[in-house]
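Biologist: I have the model open and want to go through some packing details. Can we start with the helices?

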Amino acid sequence: MRHIISVLMENEPGALSRVVGLFAQRNYNIESLTVAPTEDGTLSRLTVTTIGNDRVVEQITKQLNKLVDVVKVVDLSEGEHIEREVMMIKLKASGQMRAEIKSTCDIFRGQIIDVTPTTYTVQLVGASDKLDAFINALGSASIMEVVRSGVCGIARGEKVLSL
Amino acid sequence: MVVRALKDEGVKYIYGYPGGSLLHVYDALFQQEDVQHILVRHEQAATHMADAYARATGKAGVALVTSGPGATNAVTGIATAFMDSIPMVVITGQVMSHLIGEDAFQETDMLGISRPIVKHNFSVQRPEDIPGIVKKAFHIAESGRPGPVVIDLPKDMTTPTERYPYEYPQHVKMRSYTPITRGHSGQIKKATDLLLTAKRPVIYAGGGVIMGNASNELIELAQLLNFPVTNTLMGLGGYPGTDRQFVGMLGMHGSYEANMAMHHADLILAVGARFDDRVTNGTDKFCPTAKIVHIDIDPASISKTVQADIPIVGPAKVVLEEMVQLVNASQQRPDAAALHAWWQQIDEWRQRHGGRYRTDDSELMKPQQVIEMLSKVTNGDAFVTSDVGQHQMFAAQYYKFNKPNRWINSGGLGTMGFGLPAAMGVKMNFPDDEVVCVTGEGSIQMNIQELSTCNQYDLPVKILCLNNQSLGMVRQWQDMNYESRHSQSYMNSLPDFVKLVESYGHVGIKVEKYADLEGAMREAFALKDRLVFMDVAVDPFEHVYPMQVPRGAMRDMWLSKTERT
């Protein structure tokens, strides 16, 4: 099963390499990974999506908690949560394809953020499966480049991950 | 600042080897007398000495090695300590900060190299941070589940002409590191209730009892309930080896009665043990009828390989203490008749195999006889360090450890070359106690250069070499699994160990007949102020038994070359 694990950690050199190293060392899988400082400059928030059975994910969270730089760990998928990912996708767009891409884009509430006579660059925000669906819906349009941010997530309601 | 911080931490000995990036530190060491430096002959030995000090005392040992090859030579020692959860602080020199990343002379990325084998590591980026980092390093190494910590120290952080404010912190507070200090009372109560209803209980106690200083509490609880106790390789000495309730070590080379009792138990109380693959054998067949209570300070050790029914995260000492109080306060006791029947069953198992071995199939001595003699001659009171292989298993099986912190071996990593430096590290700190390194002719040669260090610092350790002229454990596996094709497991170019140790200024004794063994051993131990190397010729064809059948249950064992359960 896919899990979204959020990690609050010290914003210090080497902290990220400990997390990434842990996954490699213990043979855990990383689907996506994002990391950036929080409103408190001494803390970073890292979100990792991984696939594993309950036992593996339990080990992942326990092992993450053991890292000295890690302050808090939560498996967002255990509760109600929101996940988002940003994708920018560059497409060949000429002739009648331009209109077709534009309408697919509207359906998915994507934005065209860069235009040349032969290309469109589309920005799309959403859960990862929506981004996948958009790529599938593009049909015959030819994709030149895709860049995805990786997933970040937050719990619904009052629940917060903070100190 | 580094030396001053070590002094303020109360460090008496550090083990190391100088080099370019540490010259400022070595100069500072030269100009004071509080922190004594022991010069080894290879950095691996420095880490093992520091590690053994920690195993014997529970306090972090300190090693100091230079950048590049000095640091990489220390890697095996750091990994050894990591696998066995041993507190240690290793200071590695580093090239000047402005050269880092430029492939400078003797530069290695020690933070990167050590990351998977340390509890934590630090890189010093401002000299004024040194006292705080040293304090944190000791705190992290010694608290919670202990482990090694590396401090990487660029040379320009120690420039003697620069002065910085120095204050050694009294306390450490880290929001991201708060080791647990007690167990969950509800869980402890639940577990104790289960203990009181058990009919076929076994206490399975590991290295956490040793490093957690929980031996007395373990003994109290076990004797209060009259439960059998088995120790892991790392836990030996945690429960007295000569006590009736002790059923021996468990696992791959565990005793017949310990493994049988585990398999048939209805309750297993695991304390400071981690259900390692060398203990559980096939996890799918592990102890099918048992409920499992697991006490460990590291939540990640619980339900990692075997699911615990009642997990308790906390220090073994505190949790066991609480259990003893609850049992004392309760009217209830385990069903006496059931427990009596259980003990009868265990004694029957004990009778049936109970560490028997043949002595009639060889002219030469049996390694088991040698260890039994050692146990007799030293009354089970010596510090015994060991290397890795058959001799290690024989020592674990046949030496009756009555006290904790006295059996010092590389259990998790299985590091050959550990024994001699470990013995030195112990002797240095316990000069009045007997310290014996049980080794083989293979392992001893992995760090034999340290005989020179022993000479320099007058370390009269005793070395008991079970010489079977082959890598015994490798050969045993080849006998059992590879139709006796002894690929690279035979050593036919051995030195004359007696002459070799004599050249280092020590005493060597060769023993070839069992009749001479006791006399030779007593003679060796009588030479209080000399290092004595006993080169004992043992049967090269002997195997370690019992041996669990791979991927079987706990009870599936070879009991000799021909008998199987």
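Biologist: At what angle do the axes of helix 3 and helix 16 of chain B cross?

Modeller: The axes of helix 3 (residues 43–57) and helix 16 (residues 419–429) of chain B cross at roughly 55° and come within 7 Å. Axes here are lines fitted to C-alpha atoms, for helices over the stretch in contact, with angles from 0 to 180 degrees between N-to-C directions. That makes helix 3 of chain B oblique to helix 16 of chain B; angles under 35 degrees count as roughly parallel, over 145 as roughly antiparallel, 65 to 115 as roughly perpendicular and the rest as oblique.

Biologist: What kind of model is this, and how is it numbered?

Modeller: It is a predicted model, in which local features need pLDDT of at least 70 and side-chain atom pairs count only at pLDDT 80 or more, while totals for chains, interfaces and linings use all residues. Residues are numbered from 1 along each chain as its sequence is written, chains are lettered from A and ligands numbered from 1 in the order in which they are written, and side-chain values use heavy atoms, with hydrogens and water left out. Helices (H or I, at least four residues) and strands (E, at least two) are DSSP runs numbered from the N terminus.

Biologist: Back to helix 3 and helix 16 of chain B: which residues meet?

Modeller: From helix 3 of chain B, B:Ala45, B:His48, B:Met49, B:Ala52, B:Tyr53 and B:Ala56. They meet B:Pro421, B:Ala422, B:Met424, B:Gly425, B:Val426, B:Met428 and B:Asn429 in helix 16 of chain B. Contact means heavy atoms within 4.5 Å.

Biologist: How many of the residues in that contact of helix 3 with helix 16 of chain B are nonpolar?

Modeller: The contact has 10 nonpolar residues, three polar and no charged. Ala, Val, Leu, Ile, Met, Phe, Trp, Tyr, Cys and Pro count as nonpolar, Asp, Glu, Lys and Arg as charged, and the others, Gly among them, as polar.

Biologist: Next, how far apart are the axes of helix 14 and helix 15 of chain B?

Modeller: The axes of helix 14 (residues 367–377) and helix 15 (residues 390–398) of chain B are 9 Å apart, at an angle of about 50°. Helix 14 and helix 15 of chain B are therefore oblique to each other. On the helix 14 side, B:Pro367, B:Gln368, B:Ile371, B:Glu372 and B:Ser375 meet B:Phe394, B:Ala395 and B:Tyr398 of helix 15 of chain B. That contact divides into five nonpolar, two polar and one charged.

Biologist: And at what angle does helix 14 of chain B cross helix 20 of chain B?

Modeller: Roughly 40°, with the axes of helix 14 and helix 20 (residues 514–526) of chain B coming within 10 Å. By class, the contact of helix 14 with helix 20 of chain B has eight nonpolar, one polar and three charged residues, and its members include B:Lys376 in helix 14 and B:Arg522 in helix 20 of chain B.

Biologist: Switching to chain A. Which residues of helix 4 are buried?

Modeller: In helix 4 (residues 128–137) of chain A, A:Ser128, A:Leu131 and A:Phe134 are buried. Buried means under 20% relative accessible area, exposed over 50%, partly exposed in between (1.4 Å probe, protein chains only).

Biologist: What do the buried residues of helix 4 of chain A pack against?

Modeller: Strand 1 (2–10), strand 5 (81–92), helix 3 (97–107), strand 7 (119–126) and strand 8 (143–148) of chain A. The face of helix 4 of chain A turned away from its buried side carries the exposed A:Asp129 and A:Asn136.

Biologist: How many helices and strands does chain A have?

Modeller: Chain A has four helices and nine strands. Buried residues make up 43% of its 163 residues.
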